[in-house]
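Thanks for making time this morning.

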Amino acid sequence: MESIKIKNFSFSYPLKNEKALKNINLSVNPGEYVVICGKSGCGKTTLLKHLKPVLAPHGERKGEILFGSKDIFTVPLREQTEKIGYVMQDPDNQTVTDKVFHEIAFGLENLGLDSSSIRLRAAEMAEYFGISSLFEKDTAKLSGGQKQLLNLASVMAMHPDILILDEPVSQLDPVAASDFLGTVNKINKELGVTVIITEHRLEEIFPAADKIIVMDKGEIKYSGTPSDAGSRLSGELSFMFRAFPSPMRIYSITGDNTLPCPVTVRDGRQWLSSLINNPTETEIIREKQKKNEKAIELRDIYFRYEKKEENILKGVSAVFEEGKITAVLGGNGAGKSTLLNIIGGIYKPLFGKVKKKNIKISLLPQQVQSLFTEKTVKEDLLRIGKDYKEAAEITEITRILDCHPYDISGGERQRAALCKVLMTDPDVLLLDEPTKGMDAEFKEAFASVLKKLAQQGKTVITVSHDIEFCACHCHVCMMLFDGKIVSSKEAKEFFAGNMFYTTAAHRMSRNIFKNAVTDREVYKLCKKNLK
């Protein structure tokens with residue numbers, strides 16, 4: 001019997017003519033790993049929330065969802081709490097207590113387990129997830145990756161049969177994201193827990209998936225294996241081309257489909273080696289960027305939040321040039337957001353200087369909910385100015401202008417926040433995780449906006465974990481580590497010199513090509529060698 005069976009299910013939000021979900025039919029078998037993907041606003045999160053009835057939104061439903069043999073909306077609260085685990089996108093929204101131990105125990109206490117059982121399960125989860133050293137720590141002092149791992153441990157402590165994850169690594173750095181998804185894979189393979197996950201960053205989760213579900217405008221457009229989905233990228237799934245993993249995209253655009261479609265970087269490396277035996281063209285030639293005038297200069301910046309705490313920033317020095325998009329990379333908790341807040345004048349450095357001209361600086365924070373105070377997106381924009389239409393069209397939010405800011409998807413809310421910031425017409429634009437929750441297609445449109453700003457001489461500084469985006473669209477990349485900028489190079493040179501902190505295209509091709517970083521660069525060299 002299926003773990004979840006959805007039959008002809010449709011859903012409409014109140015006062016909305018268009019259905020958010022349309023005639024969904026889906027079966028999920030016990031122990032399966034199912035990936036649901038699609039553009040922002042396609043209905044992924046709405047569908048997931050219906051699989052956890054306590055989170056299901058209010059609206060009109062038709063059809064049915066079965067949990068085993070039961071209608072999921074008749075399953076008792078205790079049973080759905082225990083058997084259906086749910087991990088949200090933002091770890092802060094799911095953390096409810098002050099200590100790590102209390103957080104793991106919280107759900108078990110609500111289920112009424114005795115103290116001995118709670119201690120045993122909490123200890124088991126701490127060991128299994130490798131967070132025993134954090135057991136006595138304050139949850140507020142954990143990094144984003146640690147918080148998300150704690151949320152997963154807290155859910156798994158209740159021994160669920162089904163684990164649902166809604167973009168769980170959107171705020172994590174590449175290392176933390178890889179560790180987290182590796183743990184989810186381990187839970188699925190070793191414990192037999194059914195996994196249903198949505199994500200925009202598909203490189204890590206496609207290899208683990210048994211089934212791929214592609215959604216568009218509230219409908220399921222494809223259901224099948226990852227490899228078969230990759231083979232259809234140039235046809236019926238072309239609208240998802242930019243979202244799929246690099247090996248699949250490169251395979252699709254080369255046009256040589258006589259070999260099976262690669263899913264993993266390892267598969268891609270083997271496919272590329274079979275395609276090109278003796279390469280004659282192995283290197284991308286790039287021109288050096290011109291030096292522009294300094295917009296902002298940081299000199300030996302030190303900062304800490306509390307007197308007794310260690311310094312977060314320990315002598316940061318950096319130059320940000322006019323007309324360039326600069327990305328600041330680094331692990332969760334490295335101090336990247338703190339650095340942005342110092343540049344924006346929100347925090348003052350303990351020591352050091354921030355040199356800048358008399359310029360307007362606007363900041364897009366990581367938690368964009370704080371920017372919205374009105375009942376509709378349109379009313380929020382009108383607080384900035386009456387001429388919102390052009391910015392709304394650029395950020396593709398015209399269809400959600402009359403929606404409440406909290407009733408739209410995370411990616412749509414990110415776009416609306418970006419629209420507000422762009423309306424201020426800043427000289428320096430500070431962006432903290434701007435691509436979080438954005439689908440791959442809009443990322444391209446967003447990159448075009450940033451490039452236009454740079455061409456106008458404006459300075460863009462972004463903090464990001466999105467390596468693929470930074471490699472394709474940023475001019476300069478800096479690495480913040482141990483409180484200092486340890487590297488600052490042109491973006492493609494930065495990634496070409498890295499072993500792990502680099503793009504999938506580079507990891508896939510570096511045994512054949514020297515410095516190809518993006519899909520297009522790998523394709524360009526493939527084309528030259530195949531001629």
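By contact I mean heavy atoms within 4.5 Å. In that sense Leu152 touches Val87, Phe129, Leu163, Leu165, Phe180, Thr183, Val184 and Ile187, leaving aside residues up to four places away in sequence. Please keep in mind that this is a predicted model, in which local features need pLDDT of at least 70 and side-chain atom pairs count only at pLDDT 80 or more, while totals for chains, interfaces and linings use all residues. Residues are numbered from 1 along each chain as its sequence is written, and side-chain values use heavy atoms, with hydrogens and water left out.

A nonpolar core here is a set of buried Ala, Val, Leu, Ile, Met, Phe, Trp, Tyr and Cys residues joined through side-chain atoms within 4.5 Å, where buried means under 20% relative accessible area, exposed over 50%, and partly exposed in between, with a 1.4 Å probe and protein chains only. Leu152 and Phe244 have the most contacts inside the largest such core, which has 75 residues. Apart from that one lies another core, of 46 residues, including Ala327, Leu422, Phe442 and Phe446.

Turning to the elements, helices (H or I, at least four residues) and strands (E, at least two) are DSSP runs, numbered from the N terminus. In helix α18, the buried residues are Asp519, Glu521, Val522, Leu525, Cys526 and Asn529, and their cover includes α8, α9, α16 and α17.

Finally, Asn23, in strand β2, has a positive phi of about 50 degrees although it is not a glycine. Asn23 counts as partly exposed because its relative accessibility is 48%.
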